[in-house]
Amino acid sequence: MKIYTFSEKDTKLLGKIIGSYIKAEGIKVVALYGEMGAGKTVFTKGIASAFGIQEKDIMSSSFVIVSNYEDKGFFHIDLYRLENLSEEDLDLWEYFETGTSVIEWAEKIEDLPENSLKVKIQLVDENTRLISLEF
Ligand SMILES: Nc1ncnc2c1ncn2[C@@H]1O[C@H](COP(=O)(O)OP(=O)(O)O)[C@@H](O)[C@H]1O
Ligand SMILES: [Mg+2]
């Protein structure tokens with residue numbers, strides 16, 4: 001399905017709704033696609049809030065590859081800087097088996113679990129985003 005959002009707040013709220021949904025459905029991986037500034041981290045903040053994580057605790061810098069909120073069963077993975085590390089070194093499947101993972105720049109990895117939710121965020125204009133959800 002496709003949904004337009006018209007503000008950062010909208011995208012965060014959509015993330016929260018999707019966060020509750022994936023919890024209820026047992027979906028363990030959310031793969032995010034979209035250029036820099038699209039809103040992947042904003043969407044992640046919304047999902048994280050459904051897992052009891054405060055938005056200020058979700059980093060927007062791409063320097064940390066894996067932020068581990070293990071006590072909440074949540075991993076925020078940002079693959080922007082993956083070049084320096086191989087996919088095997090990261091052992092993402094370890095995270096996928098342990099909790100819920102939200103992955104920014106998911107196009108950089110080859111294999112995703114079958115039951116992943118794919119979310120593509122497109123920049124339409126300054127405050128408008130087109131979010132495509134593929135269940
Ligand atoms: N509808 C919208 N949804 C999400 N972010 C938006 C929207 N409109 C404007 N923005 C802005 O776009 C930027 C998205 O940043 P961010 O989530 O860090 O992008 P990414 O992680 O994809 O690089 C933020 O500055 C945010 O305020
Ligand atoms: Mg980001």
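Biologist: How far does a polar side-chain atom of Thr 11 lie from a nitrogen atom of ligand 1?

Modeller: The gap is 2.6 Å in this predicted model. A polar contact needs N or O atoms within 3.5 Å. At 2.6 Å, the pair of Thr 11 and ligand 1 qualifies.

Biologist: Which residues come nearest to ligand 1?

Modeller: Glu 8, Thr 11, Gly 37, Lys 40 and Thr 41, out of 17 residues around ligand 1.

Biologist: What does the backbone oxygen of Lys 40 lie close to, at 2.7 Å?

Modeller: A polar atom of the side chain of Thr 44. Thr 44 is found in helix α2.

Biologist: Why is Thr 44 called buried?

Modeller: Buried means under 20% relative accessible area. Thr 44 has 0% relative accessibility, so it counts as buried.

Biologist: Which residues does Thr 44 touch, beyond four places away in sequence?

Modeller: Leu 32, Ile 58, Phe 74, His 76, Val 102 and Glu 104.

Biologist: What makes a set of residues a nonpolar core?

Modeller: Buried residues of nonpolar kinds must be joined through side-chain atoms within 4.5 Å. The largest such core here has 22 residues. Ile 22, Val 30, Phe 43, Ile 47, Phe 74, Leu 117 and Val 119 have the most contacts inside it. Two or more residues of this core come from each of α1 (8-25), β2 (29-33), α2 (40-49), β6 (117-125) and β7 (128-134). There is also a second, separate core of 16 residues, which includes Ile 65, Ile 77, Leu 82 and Ile 109.

Biologist: Which residues is Leu 117 in contact with, leaving aside neighbours within four places in sequence?

Modeller: Ile 18, Ile 22, Ile 27, Val 29, Val 30, Ala 31, Leu 133, Glu 134 and Phe 135.

Biologist: What is the order of the strands in the sheet?

Modeller: The seven strands run β1-β7-β6-β2-β5-β4-β3, in an open sheet with mixed pairing. From one strand to the next, the twist averages 15°.

Biologist: Why are β1 (2-5) and β3 (66-69) called edge strands?

Modeller: Each pairs on one side only.

Biologist: How do you know that β1 and β7 pair?

Modeller: Pairing takes at least two bridges between the strands. Four bridges join β1 to β7, and these strands run antiparallel. Thr 5 stands opposite Arg 129 in β7. Helix α1 packs on the sheet and touches β1, β2, β5 (100-104), β6 and β7. The direction of α1 makes about 145° with that of β1.

Biologist: How many bridges pair β3 with β4?

Modeller: Four, in the antiparallel sense. The threshold is at least two, which means β3 and β4 pair. In β4, His 76 is the bridge partner of Ser 67. The hairpin of β3 and β4 has four residues between the strands, and there Gly 73 takes a positive phi near 65°.

Biologist: Which side chains of β3 point to one face and which to the other?

Modeller: Ser 67 and Tyr 69 point to one face and are buried.

Biologist: Are Trp 105 and Asp 91 buried or partly exposed?

Modeller: Trp 105 has 13% relative accessibility, so it counts as buried. Asp 91 has 38%, so it counts as partly exposed. Trp 105 lies in the loop between β5 and β6, and Asp 91 in the loop between α3 (87-90) and α4.

Notes: Residues are numbered from 1 along each chain as its sequence is written. Chains are lettered from A and ligands numbered from 1 in the order in which they are written. This is a predicted model: local features need pLDDT of at least 70, side-chain atom pairs count only at pLDDT 80 or more; totals for chains, interfaces and linings use all residues. Side-chain values use heavy atoms; hydrogens and water are left out. Buried means under 20% relative accessible area, exposed over 50%, partly exposed in between (1.4 Å probe, protein chains only). Contact means heavy atoms within 4.5 Å. Axes are lines fitted to C-alpha atoms, for helices over the stretch in contact, and angles run from 0 to 180 degrees between N-to-C directions. A residue is near a molecule or strand if one of its heavy atoms lies within 4 Å of it. A polar contact is a pair of N or O atoms within 3.5 Å; within protein, one must be able to donate a hydrogen and the other to accept it, and residues adjacent in sequence count only if both atoms are side-chain atoms.
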